[in-house]
Protein chains: 2
Amino acid sequence: MPKQVDHDERRRQLTEALLRIASTRGLQAVSMREIAAEAGVSLRVVQYYFTDKQALLDSGLAELAARLDRRVRQRAAADTGRLSTRGVFEAVLGAILPSDEQSRLDSLAWTAYYTAALTDPALAAAALTRPDALEDFLTTRLTTAQQAGDLASDRDPRTEVATLLALANGLTASVLGRQRSHAAATAIIDYHLDRLFGPTATLRPPPD
Amino acid sequence: MPKQVDHDERRRQLTEALLRIASTRGLQAVSMREIAAEAGVSLRVVQYYFTDKQALLDSGLAELAARLDRRVRQRAAADTGRLSTRGVFEAVLGAILPSDEQSRLDSLAWTAYYTAALTDPALAAAALTRPDALEDFLTTRLTTAQQAGDLASDRDPRTEVATLLALANGLTASVLGRQRSHAAATAIIDYHLDRLFGPTATLRPPPD
DNA sequence: ACTGTTAGGATACGACTGTATCCATAAAGG
DNA sequence: CCTTTATGGATACAGTCGTATCCTAACAGT
């Protein structure tokens, strides 16, 4: 047998080439030949490791979901026990908003996939499933905080969580379109976390 | 001369055919021939009334912006004087969220354009300009309400408006993806308007 | 009535698409 | 050693794309 190639590694390289194109030139600029060129291989190699273009697109979507999940998990879930409830929300929402260049590119690709899924049934199943896990986790956490007295009793945890996630998505769109800076988006999130959890002590000036 | 055709009317028909395709099959499904078929004319006619595909896309974007502007204006700005500040916000935000089938289709097309503009410089200039007018109008209105004592003094009108608009966009995305119903999105908006303007009197049960 | 312009039908061009096929090479197993 | 199999280069195919061209038909102005 020939060179004995690691198929998973090859597929990973091609998937990353695909996402690089999708995030910089859009999902409609993704073609078999473009992926090959971006990855520095021939067209045949792309065909060899992926049966279909659809398989390639599916792989890109899966990798993207894994990346976003990883980002949220690394920022928050690792030491979720040690963080305050507010800290958890800051971490999760901060992980959703595009901050550095890489997360911006990933958000761009994700937006492209999401939009394509709205009119393409082949992508809808994979891209339009609601990520219940994150929402449930935050709702549970916020409900607990409310029972502990850290959240006003007239707040509805489910609605508050749904709001913050939808708000983060809306802000993300505006950051991607460069209508708002990352800092401005973060400020808006913080404003609402302040209201949610009351005038927090973190950076309050010392009492005179 | 021949049939003496109304060029503007012809262009309007073709633009609407374009938007019909973009909102149901996506912007990447829009081709000259598809537009011709959708409008029931020949390819040559499409070429005759639009010099470019780019001109066609620009026309679609302009029509879309006009429709959304019209929707907001009809719901709110016409009798903005007679409405309460809360009523204005309900009207504007309700006009942004896709409600009936037509506004859903328009929102789909708008989302497709916005996403395409993120990676296509030819669309970026027209689609990624911040609609300052609406935001400024609402901010002014909210500031006035605050001065009249209808809004708690520790609220920041600018941030509140930016939040509600970004929230409406985020909720719109979830409604388009059928992850949330229109009613659920409206409930979330109302929840926050309740908090903004205090426990409102509109539907409060009569005091015993 | 003739002429010139406008409106569109028909067709073609080169580029690009996803996919399929043919064939060469290289290494592992007998 | 030699056959088999995994890898990938080269090329082809049938569509579709935006755009260009050619030509005809119908009417306005003179």
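Start by selecting A:L14, A:T15, A:A17, A:L18, A:L19, A:I21, A:A22 and A:S23: in α1(A), these residues are buried (buried means under 20% relative accessible area, exposed over 50%, and partly exposed in between, with a 1.4 Å probe and protein chains only). What you have open is a predicted model, where local features need pLDDT of at least 70, side-chain atom pairs count only at pLDDT 80 or more, and totals for chains, interfaces and linings use all residues. Residues are numbered from 1 along each chain as its sequence is written, chains are lettered from A and ligands numbered from 1 in the order in which they are written, and side-chain values use heavy atoms, with hydrogens and water left out.

**Along α1**

Now widen the selection to the whole of helix α1 of chain A, residues 7-25. Helices here are DSSP runs of H or I with at least four residues, strands are runs of E with at least two, and both are numbered from the N terminus. The 19 residues of α1 reach 27 Å from first C-alpha to last, close to the 27 Å expected at 1.5 Å a residue (the expected span is 1.5 Å times one less than the number of residues).

Go to the start of α1(A) and show side chains: an oxygen from the side chain of A:D6 comes to within 3.1 Å of the backbone nitrogen of A:D8.

**All of chain A**

Zoom out to chain A. Of its 208 residues, 46% count as buried. Take the contacts between residues at least 6 apart in sequence, and 62% of them join residues at least 24 apart; contact means heavy atoms within 4.5 Å.

Next stop, A:E135 in helix α8 (residues 132-147) of chain A. Is A:E135 buried or exposed? A:E135 has a relative accessible area of 13%, so it counts as buried. Leaving aside residues up to four places away in sequence, A:E135 touches A:R130, A:V161, A:A162 and A:L165.

**Bring in chain B**

Show both chains. A rotation of 180 degrees, with 0.0 Å of shift along its axis, puts chain A on chain B with an RMSD of 0.0 Å. The two copies are therefore related as by a two-fold rotation axis. The same surface serves both: 100% of the contact residues of chain A recur in chain B. Copies are superposed by least squares on the C-alpha atoms of residues with pLDDT of at least 70 in both.

Select B:Y191, in helix α10 of chain B. B:Y191 is buried, at a relative accessible area of 15%. Which residues does B:Y191 touch, not counting those up to four places away in sequence? They are A:D154, A:R155, A:D156, A:T159 and A:E160. With A:E160 there is also a side-chain polar contact of 2.5 Å (a pair of N or O atoms within 3.5 Å; within protein, one must be able to donate a hydrogen and the other to accept it, and residues adjacent in sequence count only if both atoms are side-chain atoms).

Stay in α10 of chain B for B:A187. B:A187 is partly exposed, with a relative accessible area of 44%. Draw a distance from its C-alpha to that of B:S103, 84 residues apart along the chain, and you get 18 Å.

Move to B:S174 in helix α9 of chain B. B:S174 counts as buried at 8% relative accessibility. A polar atom of its side chain lies 2.7 Å from the backbone oxygen of B:L171. B:S174 also touches A:Y114, B:Q179 and B:R180, with residues up to four places away in sequence not counted.

**Last stop: the largest cavity**

The largest cavity has a volume of about 190 Å³. On a 1 Å grid over the protein atoms alone, a cavity is a set of points where a 1.4 Å probe fits but cannot get out, and lining residues have an atom within 4 Å of a point. Grid points are joined across faces, edges and corners, and the volume is the space filled by probe spheres set on the points.

Select A:R155, A:H192, B:R155, B:E160 and B:H192: of the 16 lining residues, these are the closest to the centre of the largest cavity. Then colour α9 (157-176) and α10 (182-197) in chains A and B, the elements that give two or more residues to that lining.

How values were computed
On a 1 Å grid over the protein atoms alone, a cavity is a set of points where a 1.4 Å probe fits but cannot get out, and a pocket is an open set with protein on both sides within 12 Å along at least five of seven lines; lining residues have an atom within 4 Å of a point.
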